[in-house]
Amino acid sequence: MNIAIVDDKTAARLLADKLKGFEEAHISGIAANGMDGLALVMDTNPDLLFLDIELPDIFGIEFLE
């Protein structure tokens with residue numbers, strides 16, 4: 001499973017560390033803001049997205065639109 005994480009660096013690293021315990025989980029990338037997150041999602045087309053609701057430059061709901 002291809003996973004992207006869009007969240008602040010500390011939370012994203014903690015989540016990525018937890019997911020490393022699952023053999024089927026592959027972290028395709030981590031982004032700390034909405035603009036980098038949009039590029040990450042477009043480039044990697046993840047199966048699963050962990051998305052913070054309040055990013056520095058955009059709200060998570062707007063990101064999804």
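The exercises below, each with a worked solution, concern a predicted model.

Residues are numbered from 1 along each chain as its sequence is written. In this predicted model local features need pLDDT of at least 70 and side-chain atom pairs count only at pLDDT 80 or more, while totals for chains, interfaces and linings use all residues; side-chain values use heavy atoms, with hydrogens and water left out.

**Exercise 1. State how many salt bridges the structure holds, and how exposed the partners are.**

Step 1. A salt bridge is a side-chain nitrogen of Lys or Arg within 4 Å of a carboxyl oxygen of Asp or Glu. The structure holds one.

Step 2. Its partners are K20 and D17, with the closest N and O atoms 3.5 Å apart.

Step 3. Relative accessible area sorts residues into buried (under 20%), exposed (over 50%) and partly exposed (in between), using a 1.4 Å probe and protein chains only. K20 counts as exposed because its relative accessibility is 64%. D17, at 47%, counts as partly exposed.

**Exercise 2. Find which residues of helix α2 are buried and where they lie around the axis.**

Step 1. Helices (H or I, at least four residues) and strands (E, at least two) are DSSP runs, numbered from the N terminus. In α2, residues 34-44, the buried residues are G34, G37 and L40.

Step 2. Seen down the axis, these buried residues fall within an arc of 115°, so they line one face of the helix. The arc is that of the directions from the helix axis to the C-beta atoms.

Step 3. An α-helix has 3.6 residues a turn, so residues three or four places apart point the same way.

Step 4. On the face turned away from the buried side, α2 carries the exposed residues M35, M42 and D43.

Step 5. Just after α2 comes N45, with a positive phi of about 45°.

**Exercise 3. Work out which way the residues of β1 point.**

Step 1. Five of the five residues of β1 are buried.

Step 2. N2, A4 and V6 point one way, and I3 and I5 the other way.
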